[in-house]
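Subject: Structure handover

Hi there,

Here is the structure I promised to pass along. Please open it in your viewer first, and then read on for what turned up.

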Amino acid sequence: MSLEMQKYIDEAEQALLHTYNRYQVVFDRGEGVYLYDTDGKKYLDFVSGIAVFALGYHNEAYNDALKSQIDKIIHTSNYYYNMPAIEAAKKLKEISGMDRVFFTNSGAEAIEGAIKTARKYAFLKDGKTDHEIIAMNHSFHGRTMGALSVTGNPHYREAFEPMIGNIRFADLNDFDSVMAQVTDKTCAILFETVQGEGGIYPATEDFMRKVRTLCDERDILMMLDEIQCGMGRIGTMFAWQRYDIKPDVMTTAKALGCGVPVGAFLMTEKVGASSLAAGDHGTTYGGNPLACAAVSKVIDLFEEQDVLANVNRVGAYLEKRLDELAAKFSCVETRRGAGLMQGLVFERPVGDIITAAMERGLVLINAGTSIIRFVPSLVITEEHVDEMITILRQSILQIEGEQN
Ligand SMILES: *Cc1c(COP(=O)(O)O)cnc(C)c1O
């Protein structure tokens, strides 16, 4: 690292609140699926800002759409209509099959909105204020107090107790554990269609169906968090579309704006008509023209560039290459995931392997201590996968020594 970059990092540590142990790099610009640091060093990026930059860096059509919106208007209040929000909401309805959209500024805020939707929906039915939500162990839904309350990881929550009340936890893919938490106060069951931070665990078809049936029988809202696994990441526009069910409420963010901070929670007409009403929820920035111009363009580009076909083709190839790698190294336990959301599960912590890869010009990220997570841009090619595998292999060898 140059003295100059070291100086930037020192300045960062003087000014920013230290809530992250950051990798020792200052990124400066991006081009396609490559990043460049302030020293001009090139990196292959298999993180894409944690499943955000789906269309690759420096996408000209996307950038132009933002630039022209900046020259028109960046912000108005939600007390007025604006064209980009109208366009974005229409397109989001189309790709999701949901009926009502509320734009937020982040994933956590989308979760907050989903929680409020569930509570209001139940409140309108019986006038009571003691409803319960069932969430999953090892889930991750964000850092605000409501989102933290449904995040099934005590480590994130402990210092910030008390959480919002009446949250119960079950295990993903264990329907009996969900049944054990259901009471006559249950108003919603919330989970990620593919758990991300918790270790890349896709929900099983059986679990999805049983939860759907339970929710139908008891008028409980099935709420799916698609913030990480949605927007094409596993080969369908939203991950739940791979299954023969539909949620009542869903959240999206991360790749929704491809870098412009924006999220949304969506619901069916039935839920929309009997939950949040005028005055119940709001946001100053949410759904502003700049954010919505990004959403609108992202959805257009997904179609124009046939992103889903690419995810399905390259995702299958990534799976194959990771499986080969897992078979070669005894320190690798298994591979899990779907499409371009994959996890390589190690029998050891992965921090030093990720650091070694960084030095070799490959950006990777963990999920938990022992899983390397692969959430690249959705426009990567087989050649990029090969390049990644080569560097990862060298990095594991460097740390672990020659195997088998
Ligand atoms: C990232 C993430 C969130 C939180 O989104 P933020 O934009 O960081 O608030 C919520 N749920 C899932 C599944 C996520 O991956």
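A term to start with: a nonpolar core here is a set of buried Ala, Val, Leu, Ile, Met, Phe, Trp, Tyr and Cys residues that are joined through side-chain atoms within 4.5 Å. Please keep in mind throughout that this is a predicted model.

With that term in hand, the largest nonpolar core has 87 residues. F46, I189, F191, M231, F374, M388 and L392 are those with the most contacts inside this core. Helix α11, residues 289–304, gives the largest share of the core, with nine residues. There is also a second, separate core of 26 residues, which includes A110, A135, A147 and F265. As background, nonpolar side chains tend to be buried together in soluble globular proteins.

Now the overall picture. The protein chain holds 14 helices and 17 strands. Its radius of gyration is 21 Å, close to the 22 Å that the globule rule gives for 404 residues, so the chain is as compact as a globular protein of that length. The C-alpha trace spans about 65 × 55 × 45 Å along its principal axes. Of the 404 residues, 54% count as buried. Among contacts with a separation of 6 or more, 71% are between residues 24 or more positions apart.

M231 sits in the loop between β10 (221–225) and β11 (249–252). Is M231 buried or exposed? With a relative accessible area of 1%, M231 is buried, because the cut-off for that is under 20%. Leaving out residues up to four places away in sequence, M231 touches I95, M237, F238, T252, A255, L256, V298, I299, F302 and L378. M231 and I189 are 42 residues apart in sequence, and their C-alpha atoms are 22 Å apart in space.

K41 lies in another loop, the one between β2 (34–37) and β3 (42–45). K41 is partly exposed, with a relative accessible area of 32%. Which residues does K41 touch, not counting those up to four places away in sequence? They are L35, Y36, M358, E359 and G361. From K41 to M237 there are 196 residues in sequence and 34 Å in space, C-alpha to C-alpha.

- A cis peptide bond joins E161 and P162, with omega at about 0°. P162 is in the loop between α7 (154–157) and β6 (167–170).
- H138 has a positive phi of about 65° although it is not a glycine. H138 belongs to the loop between β5 (132–136) and α6 (145–149), and at 51% relative accessibility H138 counts as exposed.
- D306 also has a positive phi, about 45°, and is not a glycine. D306 lies in the loop between α11 and α12 (307–328), and with a relative accessible area of 48% D306 is partly exposed.

Best wishes

Key. Residues are numbered from 1 along each chain as its sequence is written. This is a predicted model: local features need pLDDT of at least 70, side-chain atom pairs count only at pLDDT 80 or more; totals for chains, interfaces and linings use all residues. Side-chain values use heavy atoms; hydrogens and water are left out. Buried means under 20% relative accessible area, exposed over 50%, partly exposed in between (1.4 Å probe, protein chains only). Helices (H or I, at least four residues) and strands (E, at least two) are DSSP runs, numbered from the N terminus. Contact means heavy atoms within 4.5 Å. The radius of gyration is taken over C-alpha atoms; the globule rule is 2.2 Å times the number of residues to the power 0.38.
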